[in-house]
Each structure stands twice: as structure tokens, then as C-alpha cells.
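Here is a short briefing to read alongside the model. Take a look at the structure first, then follow the notes below.

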Amino acid sequence: MKKIIFLLFFISFSLSAFAQSEVQQLVMPKRLYVGDIADLHYTFRSGVDFFPDEELLVEKKLNSDKFNFSVDNKNFTILNAVLQRNGPLYTVIITFIPWKTGPLDLPAFDLYSLVFGNGNVVFEIDPEIIEISSILSDDDTSLRPFASPLLFPGTIYFVYASVVLLLALLIFAVHFAIRWQDFSDKIKAHRTIRRYVKSSRKALRQLKKLEKNSSKLNDIAFCSAIQKIFREYLTVRLGINFFSLSTNQFAEAFYRATSGILDGFVIDNLEAIVEIFIRMDYIRFARNSVESKKLPEENYAASLKEGERQEKIDTSRAIIRLFERGR
């Protein structure tokens with residue numbers, strides 16, 4: 001009789017020790033979709049000490065190989081599982097990925113065997129069914145009416161003031177951008193004019209120096225100097241490299257520089273410059289040629305006539321001054 005009473009007492013004690021109480025289950029995130037990584041928190045109170053002689057330890061990793069089911073299957077994949085302790089409460093945290101929509105029922109498993117290995121007792125954890133939502137469901141796809149923003153009392157005036165300030169700043173920014181563009185254009189125009197003036201003054205100084213030293217130069221050197229002064233001046237004035245152009249390419253260069261607008265003033269100056277260059281080219285390159293030996297000599301000789309040097313200098317000076325005056 002005593003044995004029977006002891007056996008009943010032992011069975012009652014075992015059931016009490018291995019029973020769960022205050023069970024709570026929490027899934028994060030609350031709304032799950034296929035492919036999401038989720039955490040299942042299964043919290044319970046138990047008389048079983050899953051951390052014997054481990055007072056400082058608060059978490060144990062559960063060996064996924066000890067589960068009595070496949071942790072990687074067509075319905076779900078378990079990535080990690082741990083047991084945490086918080087006083088008398090224990091929490092099993094299972095990190096998993098669902099692979100199908102609808103109700104997901106994670107199989108029950110023996111926590112005792114996962115913690116201590118195979119034993120004579122079973123401490124079963126049976127999670128509740130988890131609902132996996134579908135992104136194609138009609139629950140959240142319907143359009144909802146617009147709702148007014150929630151504001152604290154009195155903040156509507158702050159919103160209005162912010163809008164007015166923003167509009168004022170926008171108007172100021174646009175006005176500043178326009179004024180800055182005008183200012184920038186004026187600065188560029190001023191710099192361009194200064195560059196033109198500097199170039200023209202340099203060309204006039206070079207002509208004056210050439211006039212002074214003309215007697216020291218032969219005809220070829222004089223003609224080369226005239227052409228160099230003009231090429232340098234026209235390169236700055238028209239923005240085209242005249243050092244790489246032959247005389248017969250000048251007209252095309254003027255056409256490009258003036259966007260195809262060649263008025264009488266430009267044409268007259270172009271013709272005068274081309275005339276000077278043709279004469280200078282002839283003197284530089286026609287010496288001892290058959291052409292230079294034709295008669296009468298004053299028309300075909302590859303040399304400058306008397307007074308022609310001063311004439312070319314005066315003509316060159318006049319052309320440059322006309323360019324700078326614009327007419």
C-alpha cells in the first residue's frame with residue numbers, strides 16, 4: 001500500500017515539475033510574408049531547471065540537429081534556436097523563414113532532449129499555429145481615403161508659417177539665380193573686353209616697334225613680323241587659332257567666328273587683311289621663282305617697293321583700330 005502511495009506521489013510530482021504554466025507566444029514581426037525572417041518567442045514557467053549549476057548563464061543555443069523533424073523543408077527553414085532564462089521564466093526563441101502562405105504549424109519538440117540530450121523524461125514544446133500572409137491578398141490592396149495629418153493643437157499656424165517661409169526662400173533663390181546669371185554674364189563680358197583691349201594694345205605696340213626697327217630687317221623678316229602680329233591679334237579677337245590657317249582659309253574662319261553674319265564692315269576688314277597676307281606670302285615664298293622674274297619688275301618682283309613697308313604698317317594699324325571701335 002505504501003509503495004502505491006509513493007508511486008502516485010512520484011507521478012504527481014513529476015507531472016508538476018515538467019508541466020508548463022503561464023505560456024505565452026509572440027511572433028515578430030506580427031505580420032509575416034513568405035521569405036521574411038521571423039522570431040518566435042515561446043515563454044513559459046517551469047519547475048525544471050534548464051541551467052543547473054550555471055547561475056551566470058542566461059542563454060543556451062539549441063542544437064538544430066536534435067529536433068525530431070527536418071529544420072529545412074518546403075514549409076519553413078529554422079535558422080537558429082536558443083533558450084533564454086529570466087528568473088523562473090524561460091523563453092525559447094526560434095528564428096525561421098516561412099516558405100508558404102496560410103497557417104504554419106511548427107511541429108512539437110522535446111526541449112529536455114535538446115538541452116540535456118536523450119533523457120528519461122519529455123518536456124514538450126508545441127508552438128501555436130502561425131498565420132503567413134500573402135502579398136496578393138485583398139485585405140490590404142484596396143485604396144483607402146486620404147486622411148488629414150495629425151497635428152498637436154496650435155501647430156497648424158507653424159505649418160502655415162513654414163510654407164510661407166519656404167515660398168519666400170524659393171522666390172529669393174530664383175531671384176538670386178537670375179541676378180547672379182546677369183552678374184556672371186557681365187563679368188564674362190568685361191573680361192572679354194579687357195582681353196580684346198589688351199590684345200589690341202599689344203598688337204599696336206608691336207607695329208610701332210616694327211616701324212622703328214624696319215630698316216634693320218630684310219623684306220622676308222618684315223613680312224613674317226606683320227603676319228605674326230595679325231595672327232596673334234586675330235586669334236584672341238575671333239577665338240580661332242589663326243596660326244594654323246593658311247591665307248585662303250581666312251574667309252571661312254571669319255564666317256565661323258561671326259556665325260555666318262558677314263556685314264560690310266567685316267567684309268571690308270577681311271579683304272584688307274587677306275590682301276596684306278597675299279602680298280606678304282608672295283614676298284616670302286616667291287623669291288627666285290619664275291613669276292618673280294616677269295616684267296615689269298615693279299609688278300612681279302618678290303621684294304617690297306619703296307614706301308610699302310610704312311604703308312603696310314599704317315594699314316595694319318588702321319584695321320586693328322577699326323576692329324576695336326566696331327565700325
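Predicted model: local features only at pLDDT ≥ 70, side-chain atom pairs only at ≥ 80, totals over all residues.

Residues are numbered from 1 along each chain as its sequence is written, and side-chain values use heavy atoms, leaving out hydrogens and water.

**Helix H4**
- H4 spans residues 219–238 (helices are DSSP runs of H or I, at least four residues, numbered from the N terminus).
- Its 20 residues reach 28 Å from first C-alpha to last, close to the 28 Å expected at 1.5 Å a residue (1.5 Å times one less than the number of residues).
- After H4 comes Gly-239, with a positive phi near 70°.

**Asp-219**
- Asp-219 sits in H4 and is buried, at 14% relative accessible area (buried means under 20%, with a 1.4 Å probe and protein chains only).
- Leaving aside neighbours within four places in sequence, Asp-219 is in contact with residues including Ile-283, Arg-287 and Arg-309 (contact means heavy atoms within 4.5 Å).

**Nonpolar cores**
- The largest core has 31 residues, and Phe-44, Phe-50, Leu-83, Val-92 and Leu-111 touch the most other members (a core joins buried Ala, Val, Leu, Ile, Met, Phe, Trp, Tyr and Cys residues through side-chain atoms within 4.5 Å).
- Apart from it lies another core of 30 residues, among them Leu-207 and Ile-319.

Key: Helix = DSSP H or I, 4+ residues; strand = E, 2+ residues; numbered from the N terminus. Buried < 20%, exposed > 50% of the residue type's maximum accessible area, 1.4 Å probe, protein only.
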